[in-house]
Amino acid sequence: MADYTILHLTGDVLALMDALGEETAVVAGHDWGGPVAWHAALMRPDRVRGVIGLSVPYRPRGSAPPLETLRQRLGDGFYMAYFQEPGIADAELARDLPTTFRRLLYAGSGEAPRCCRS
């Protein structure tokens with residue numbers, strides 16, 4: 001988990017740019033990748049000339065840790081909180097892989113009722 005700080009993740013974006021031979025880039029991020037894209041631009045404006053943020057707008061750091069705020073507002077069942085404890089989500093999702101993937105794909109499709117879409 002220590003390798004997944006925002007500094008590490010931003011470093012991964014820059015390493016990818018380096019590997020591709022790109023001095024600058026517009027970085028796109030969706031869901032958990034949104035904050036990575038925003039922070040890459042904040043930390044390295046010399047390398048990131050723009051951000052495409054999908055589903056997660058930029059939010060400056062609040063007065064409490066982000067996970068604490070999410071848990072207070074959305075509960076421990078919110079997926080970002082749920083995935084924090086190593087092994088729990090992995091075990092549940094791996095229990096029945098065909099059902100897991102069917103449910104995930106259905107929830108993200110246009111066929112699912114509005115209440116059940118991801």
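Is Tyr-79 buried, partly exposed or exposed? Tyr-79 is partly exposed, at 31% relative accessibility. The views below come from a predicted model.

**View 1. The aromatic cluster.** Trp-32, Phe-78, Tyr-79, Tyr-82 and Phe-83 form one aromatic cluster. The structure holds five aromatic pairs. Two of the pairs are described in the next views.

**View 2. Trp-32 and Tyr-79, a stacked pair.** The ring centres of Trp-32 and Tyr-79 are 6.0 Å apart. Their planes meet at 5°, so the pair counts as stacked. Stacked pairs have planes under 30 degrees apart. Trp-32 sits in the loop between strand E1 (25-30) and helix H2 (33-43). Tyr-79 belongs to helix H4 (residues 79-82).

**View 3. Trp-32 and Phe-83, an edge-to-face pair.** Trp-32 also pairs with Phe-83. Here the distance is 6.1 Å centre to centre, with 85° between the planes. Phe-83 lies in the loop between H4 and helix H5 (88-94). Trp-32 is in the loop between E1 and H2, so the pair ties together parts that are 51 residues apart in sequence.

**View 4. Accessibility of the paired residues.** Trp-32 is partly exposed, with a relative accessible area of 41%. Phe-83 has 38% relative accessibility and also counts as partly exposed. For Tyr-79 the value is 31%, again partly exposed.

Note on methods. Residues numbered from 1 in each chain as written. Predicted model: local features only at pLDDT ≥ 70, side-chain atom pairs only at ≥ 80, totals over all residues. Heavy atoms only, no water. Phe/Tyr/Trp six-rings, centres within 6.5 Å; stacked < 30°, edge-to-face > 60°. Helix = DSSP H or I, 4+ residues; strand = E, 2+ residues; numbered from the N terminus. Buried < 20%, exposed > 50% of the residue type's maximum accessible area, 1.4 Å probe, protein only.
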